[in-house]
Amino acid sequence: MLAIDKKLVRELWDMRMQALAIAMVIASGVSIFIMSLSTLDSLYETREHYYKNNNFAHVFASLKRAPATLIKRIQEIPGVNKVETRVLAYVNLDIPGFEDPVSGHLLSLPENSPGLLNSIFLQKGRLLNPARDNEVLLSEEFAKAHDLRAGDKLRAIINGRSRALIVSGTVSSPEYIYQIAPGAMFPDYKRYGVLWMSQKPLAGAYDLEGAFNNVALTLGKGANSQDVIDRLDELLKPYGGTGAIDRADQLSNRFLSEELKQQQTIATIFPLIFFGVAAFLLNVVTSRLISLQREQIAALKAFGYSNFAVGLHYTKLILLIVSLGVVVGIGFGVWMGKGMSNLYMEFYSLPYMMYVLKPQVIFAAAAISMTVAMLGTLHAVNNAAKLPPAQAMRPEAPAIYRMTLLEKLGLQQYFSQPSRMILRHIERRPLKSFLTTLGISMACGTMMTGGFQEGAINHMVDVQYNMIDRSDITAIYTEPASRRSLYSLRSLQGVEHAEGFRTAPVRLKFEHRFHRTSIKGIEPSGSLMHLLDSELNRIYLPENGVILTDYLAELLHIKPGDMLIIEVLEGNRITARVPVIGTAKEFLGTNVYMRREALNRLLKESDVISGAWLKVDSMHQKDVYKELKTMPRIAGVIEQRSAIKAFYKTMEETILFFTFISTLLGGSIAFGVIYNSMRIALSERNRELASLRVLGFKHGEVAYILLGEQAFLTLFALPLGMLAGYGLCAYMAFHFDTDLYRVPLILGVKVYAFAALVVIVSSVISALLVWRNLTQLDMIAVLKTKE
Amino acid sequence: MNSIVFHVEELTKIYQMGEVQVNALRGIDLKLYKGEFTVLLGASGSGKSTLLNILGGLDTPTHGHVMYGNNNLSEATEHQLTEYRRYHVGFVFQFYNLIPSLTARENVAVVTEIARSPMLPEQALKLVELQERIDHFPAQLSGGEQQRVAIARAIAKNPDVLLCDEPTGALDSKTGVVVLEALQHINEQLGTTTVVITHNASIASMADRVIYLADGQIKEIRTNTAKLSAHELSW
């Protein structure tokens with residue numbers, strides 16, 4: 001090894017703590033970069049692979065009833081490749097030993113086959129036996145939640161009749177990667193399941209022998225999906241088609257796509273912060289190192305080392321620190337990426353997860369880190385290289401201090417000499433002080449993103465289920481029924497109140513924009529469904545006109561006073577123009593609200609409802625479920641509170657993981673910035689502080705001058721960091737918004753407090769580490785050497 | 001008379017120190033000869049170090065010429081000056097300027113590794129009689145020992161000129177003599193042109209010529225008829 005490289009290695013060892021602190025920040029950036037991108041790649045790759053292998057359809061359509069022979073005409077639509085017709089039913093389930101209402105989707109499956117399209121992936125057990133008409137396959141997650149295995153029994157209310165079913169196996173399906181009950185906010189595997197049954201018995205039960213009510217198809221190469229959808233809609237219209245949708249609008253696929261988009265946001269913003277902080281730290285540390293080594297640089301140059309050789313020497317030092325960060329970051333990033341991918345695999349019903357770590361991701365992480373580090377230190381290294389040797393031999397001109405702003409304002413009598421030293425030191429290097437403050441702020445801000453996600457979900461749930469939807473149970477009818485049906489519901493023991501609602505699938509149109517959703521007819525002064533304005537105050541539906549979810553109004557670029565065109569996708573397929581009266585705050589879905597009576601009039605029907613919201617005495621809740629299950633007209637029962645609880649349980653692990661990561665990352669920035677600032681301040685002011693010790697200052701008094709400055713900057717950074725955190729969360733919330741859900745920007749006191757706490761603890765740890773060096777100030781040696 | 005190594009004409013140097021302008025050299029004319037041992041004598045701020053730095057290619061003049069053989073140092077590029085220092089000049093500094101993270105041997109090696117036909121670091125350290133402490137770090141060496149490492153480092157490349165800025169300035173008399181003996185030994189044995197800066201007049205007696213500087217100008221040049229050897233000196 002060359003002597004100059006030995007110098008490098010030994011000096012690196014001497015500054016190992018500082019190097020480590022910087023490497024940690026770089027490692028954090030690299031690891032989050034690799035985690036997000038590899039998770040993203042893995043999810044994309046796994047999804048693609050799964051979709052392709054299991055023939056996930058491109059277009060889906062539901063209808064009332066069409067003869068099986070219609071399949072030929074669907075196949076004739078130009079661009080259509082494969083078609084599969086099915087029977088799809090929404091059913092109530094009865095699981096032995098589980099009293100809460102359980103609903104599910106029951107799909108038909110061709111005999112002895114995993115299906116042509118959206119083929120199921122058999123996890124355990126075997127496929128359906130065509131000779132038996134009571135066998136079902138369960139979605140893996142649902143089976144797991146209830147500990148159901150092949151051979152176990154359950155009951156389903158199929159078309160009003162309770163039937164005993166036997167489990168033959170468990171499966172996953174590309175169509176139900178995200179399994180969520182219609183209208184629910186979160187997946188709840190205990191209360192919602194997907195089941196597959198042989199075509200014959202299922203069709204028989206629903207009077208669909210030789211017919212179907214659902215169709216899925218794939219497109220040929222180069223086919224235009226919208227053309228196919230238009231033709232399919234035309235074809236299915238007489239058969240009660242409710243409008244075909246593209247794969248992109250398929251619920252499970254949509255949720256997954258949104259999740260991937262969120263990952264992308266995380267993959268861009270956080271590494272940016274870390275690399276920025278790392279560049280700043282490297283700059284500070286390298287600048288200091290170079291100013292400490294002025295004479296060594298001069299000597300090297302006097303011996304004939306070129307500018308390039310000197311520059312290269314310090315560049316190598318920086319690259320070594322960065323390399324350490326990159327290597328640790330890659331290892332940690334892969335670990336977190338695998339953890340994250342597995343969380344996704346569990347959260348979604350993916351049968352497998354192919355962890356993909358593309359070499360270009362690693363290469364990019366390394367290249368970005370190196371480039372950023374080089375950019376950050378370019379100035380310092382360049383200065384070292386260009387330092388004229390003769391000038392380097394002379395000591396640095398004394399630092400120029402000036403009166404601070406506060407002193408100019410005549411406030412100096414309020415500050416002791418040490419306090420003035422602190423203030424002047426901060427003011428002398430405003431950029432450095434500012435960047436240090438900014439670095440600490442970023443640590444604080446990063447910390448807040450962890451708590452933000454938890455708080456946002458709490459707020460979403462609170463508003464959606466305590467303020468908007470105030471019912472305990474939602475009962476959905478198989479068919480719209482007379483409003484008089486409410487009497488039978490109200491008569492159930494334990495039901496305190498029941499309110500009917502009418503809902504219908506619609507296509508909304510304003511100018512050239514379309515949106516598919518459902519219209520809800522509600523009681524204008526009902527007590528179980530409140531519409532809220534942006535301030536969360538109740539708003540009332542007027543006689544005529546509609547109120548839209550605020551986000552939907554934004555999507556359509558429509559405002560109160562405009563006329564909205566509503567195309568109803570069921571029954572007589574009525575098209576109507578209605579005025580928009582206002583918007584309502586909702587975090588979930590996109591809805592159009594109208595008075596129930598007005599909607600009945602619009603649909604040219606009598607006083608009918610599609611379901612009811614119930615307020616139930618908790619003492620009798622179980623009895624109410626039991627009763628509802630026996631009612632043939634009730635297709636599904638949704639119970640919100642237990643669903644929320646179940647969701648929190650599944651989210652616990654994810655939230656913990658996020659909090660852990662954001663704390664680790666925020667803490668590493670805080671420590672990296674604060675520790676390095678203190679060490680550098682100590683090195684710069686070594687002589688000054690030692691002189692004060694000689695003059696009789698105590699350790700504590702000297703420490704005050706050094707650590708007081710850092711404490712001042714840290715305290716100043718906290719409010720700034722909270723602001724930065726707010727901005728960061730706002731950015732995330734904005735990018736997380738979709739028509740499926742909106743993430744509210746709610747940051748509780750706890751979130752701020754926790755972030756501040758971590759920053760303060762990091763400062764205290766740094767201060768303790770530096771305190772050790774401070775007590776070892778060598779007064780004699782420091783004063784003897786020249787400067 | 002030996003051949004001319006340095007030919008200096010009308011040399012001036014003005015530099016900025018903070019907010020102050022310093023006239024370090026005001027018109028120096030000087031010739032230095034091959035193998036000569038020259039002492040630059042003068043008070044602090046007389047311009048000795050500035051002159052030495054310019055001779056060594058560490059600094060460039062504001063006006064005037066410095067010829068090293070046929071090369072005009074005053075018009076040399078940064079790259080040419082680096083080459084010049086690398087292959088022709090050996091430096092010894094008042095405060096040694098050793099690299100604290102390298103041992104004595106490595107401090108010498110840092111120079112021999114980039115030189116054209118250097119001696120072995122061990123050999124250079126033997127010339128200054130430090131072979132015993134070859135693997136010690138600077139912090140483990142006395143001031144005199146450190147300065148001798150610095151001299152070994154300076155001569156290890158077999159330089160044409162050896163420039164020493166107050167080599168004994170930080171040393172006591174006894175140690176200083178040991179260092180000066182080393183310098184004289186090298187000058188005599190290797191024939192290296194040597195320029196030593198000092199404000200210690202007694203060192204002047206061991207030089208071939210003594211140049212007196214004051215206020216950035218040459219006041220007097222004296223040739224010693226009877227040179228003393230280093231061990232005969234004391235202060």
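**Loops, helices, cores and the chain contact**

Reader: Where does K604(A) lie in chain A?
Author: The model is a predicted one. K604(A) is placed between helix α17 (596-602) and strand β21 (608-616) of chain A, in the loop.

Reader: Is N118(A) buried or exposed?
Author: N118(A) is found in the loop between β4 (102-109) and β5 (121-125) of chain A. Its phi is also positive, near 50°, in a residue other than glycine. The cut-off for burial is 20 or more other C-beta atoms within 10 Å. Because N118(A) has 23 other C-beta atoms within 10 Å, its class is buried.

Reader: Which residues are in contact with G243(A), leaving aside its neighbours within four places in sequence?
Author: G243(A) sits in the loop between α6 (225-236) and β11 (245-246) of chain A. This glycine is buried, because 21 other C-beta atoms lie within 10 Å. With neighbours within four places in sequence left aside, its contacts are D233(A), P505(A), R507(A), R516(A) and L569(A).

Reader: How many residues apart in sequence are G243(A) and V568(A)?
Author: In space, the C-alpha atoms of G243(A) and V568(A) are 10.0 Å apart. In sequence, the separation of G243(A) and V568(A) is 325 residues.

Reader: What percentage of the contacts in chain A with a separation of 6 or more comes from residues 24 or more positions apart?
Author: Chain A holds 23 helices and 22 strands, and its C-alpha trace spans about 100 × 60 × 50 Å along its principal axes. Of its 787 residues, 46% are buried. Among contacts in chain A with a separation of 6 or more, the share from residues 24 or more positions apart is 83%.

Reader: Which residues touch the most other members of the largest nonpolar core?
Author: In soluble globular proteins, nonpolar side chains tend to be buried together. The largest nonpolar core here has 244 residues. Helix α2 (residues 16-53) of chain A gives the largest share of this core, 17 residues. The members that touch the most others are I22(A), A278(A), C444(A) and A152(B).

Reader: How many residues does the second, separate core have?
Author: Leaving aside its neighbours within four places in sequence, A278(A) of the largest core is in contact with I22(A), V25(A), I26(A), G29(A), V372(A) and A373(A). The second core is separate and includes V495(A), I522(A), L541(A) and L552(A); its size is 50 residues.

Reader: At what angle do helices α14(A) and α22(A) pack?
Author: The axes of α14 (residues 430-468) and α22 (residues 749-775) of chain A are 8 Å apart, and the packing angle is about 145°.  The crossing of α14(A) and α22(A) is right-handed. Residues making the contact include C444(A), M447(A) and F452(A) of α14(A) and V751(A), F754(A) and V758(A) of α22(A); by class, the contact has twelve nonpolar, two polar and one charged residues.

Reader: What is the orientation of α14(A) to α21(A)?
Author: The axes of α14(A) and helix α21 (residues 699-736) of chain A come within 6 Å, crossing at roughly 45°. The crossing is right-handed, and by class the contact has 18 nonpolar, nine polar and no charged residues. The orientation of α14(A) and α21(A) to each other is therefore oblique.

Reader: Which element gives the largest share of the side of chain B that touches chain A?
Author: In this contact, 24 residues of chain B meet 23 residues of chain A. The elements of chain B that give two or more residues to the side touching chain A are α2 (78-88) and α3 (104-112). By class, the side of chain B that touches chain A has twelve nonpolar, six polar and six charged residues. The largest share of that side, five residues, is from α2(B).

How values were computed. Residues numbered from 1 in each chain as written. Chains lettered and ligands numbered in written order. Predicted model: local features only at pLDDT ≥ 70, side-chain atom pairs only at ≥ 80, totals over all residues. Helix = DSSP H or I, 4+ residues; strand = E, 2+ residues; numbered from the N terminus. Buried ≥ 20, exposed ≤ 12 C-beta atoms within 10 Å, placed from the backbone. Contact = placed C-beta atoms within 7 Å. Axes fitted to C-alpha atoms, helices over the stretch in contact; angles between N-to-C directions. Left-handed = near helix turned anticlockwise from the far one by under 90°. Nonpolar A, V, L, I, M, F, W, Y, C, P; charged D, E, K, R; others polar. Core = buried A, V, L, I, M, F, W, Y, C linked by C-beta atoms within 7 Å. Parallel < 35°, antiparallel > 145°, perpendicular 65-115°, else oblique.
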